[in-house]
Amino acid sequence: MRQEPGKEGSRWLKQAERDFDDAQYAFAGERYSLVCFLAQQAAEKAIKAFLYLSGEERVLGHSVADLLNRASSLNSVFDVVWRARTLDLYYIPTRYPNGIPGGLPYEAFDREDGEKALMLAASVINLVKEQFTD
């Protein structure tokens, strides 16, 4: 059964916002590798929210860069958040010991990484939220 685009998009946006809230909570606890991962997840889910809102029935993939390209092809306003594609760097290395040669994720990411990730995710979420009000 086909989902209503606005309803399905809203579900994804709500989860994106929750992931972002969790990232902020992790930031307060100085869990920067987790902050970076959750920021990537928040941006990914926000872009998927837009794609569902736009009528896509199945949105697969985890790459923020790939999803941004798809979103930009539907609405060029997404070109302004092109820097968020770097969030893909936080998808695997933030979680797995073998993602950081000779190190551990919790040691490899710092406050600056967390701040950057939060800023990028917020820019995507805010842009997507604007698309829901237009």
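How many of the 22 residues of α2 are buried? The count is 20 of the 22, so α2 is largely enclosed by the rest of the structure. The points below concern a predicted model, and they begin with this helix.

1. Extent of α2. The helix covers residues 32–53. At 1.5 Å a residue, its 22 residues should span 32 Å, and the C-alpha atoms at its ends are 31 Å apart, which agrees. After α2 comes Gly 55, which has a positive phi near 105°.

2. Packing of α2 against α1. Two packed helices are described by the angle between their axes and the distance between the axes. For α1 (5–28) and α2, the axes come within 8 Å and cross at roughly 165°. The pair therefore counts as roughly antiparallel, since the cut-off for that class is an angle over 145 degrees. The crossing of α1 and α2 is left-handed.

3. Packing of α2 against α5. Helix α5 comprises residues 111–133, and its axis comes within 8 Å of that of α2, with a crossing angle of roughly 15°. This angle makes α2 roughly parallel to α5, because angles under 35 degrees fall in that class. The handedness of the crossing of α2 and α5 is left-handed.

4. Packing of α2 against α3. Here the axes are 10 Å apart and the packing angle is about 25°. As a result, α2 is roughly parallel to α3. The crossing of α2 and α3 is left-handed.

5. The loop between α1 and α2. Glu 30 is found in this loop. Its phi is near 60°, a positive value in a residue other than glycine. Is Glu 30 buried or exposed? With a relative accessible area of 56%, Glu 30 is exposed, because the cut-off for that term is over 50%. The C-alpha atom of Glu 30 is separated by 8.2 Å from that of Asp 110, although the two residues are 80 residues apart along the chain.

6. Aromatic pairs. The structure holds five aromatic pairs. One of them joins Phe 50 and Phe 78, whose ring centres are 4.5 Å apart and whose planes lie at 45°, so the pair is tilted. Phe 50 belongs to helix α2, whereas Phe 78 lies in the loop between α3 (64–74) and α4 (105–108), so the pair ties together parts that are 28 residues apart in sequence.

7. Burial of the Phe 50 and Phe 78 pair. Phe 50 has a relative accessibility of 5% and counts as buried. Phe 78 is buried as well, with a relative accessible area of 1%. Both assignments follow because buried means under 20% relative accessible area.

8. A charge over a ring. Which ring does the charged end of Arg 95 sit over? The ring is that of Tyr 91, and the charged end of Arg 95 sits 4.7 Å from its centre.

Terms used: Residues are numbered from 1 along each chain as its sequence is written. This is a predicted model: local features need pLDDT of at least 70, side-chain atom pairs count only at pLDDT 80 or more; totals for chains, interfaces and linings use all residues. Side-chain values use heavy atoms; hydrogens and water are left out. Helices (H or I, at least four residues) and strands (E, at least two) are DSSP runs, numbered from the N terminus. Buried means under 20% relative accessible area, exposed over 50%, partly exposed in between (1.4 Å probe, protein chains only). Rings of Phe, Tyr and Trp (its six-membered ring) pair if their centres lie within 6.5 Å; planes under 30 degrees apart count as stacked, over 60 as edge-to-face and the rest as tilted. A charge sits over a ring if NZ of Lys or CZ of Arg is within 6 Å of the ring centre and within 35 degrees of the ring normal. The expected span of a helix is 1.5 Å times one less than its number of residues. Axes are lines fitted to C-alpha atoms, for helices over the stretch in contact, and angles run from 0 to 180 degrees between N-to-C directions. Angles under 35 degrees count as roughly parallel, over 145 as roughly antiparallel, 65 to 115 as roughly perpendicular and the rest as oblique. A crossing is left-handed if the near helix is turned anticlockwise from the far one by less than a right angle, and right-handed if clockwise.
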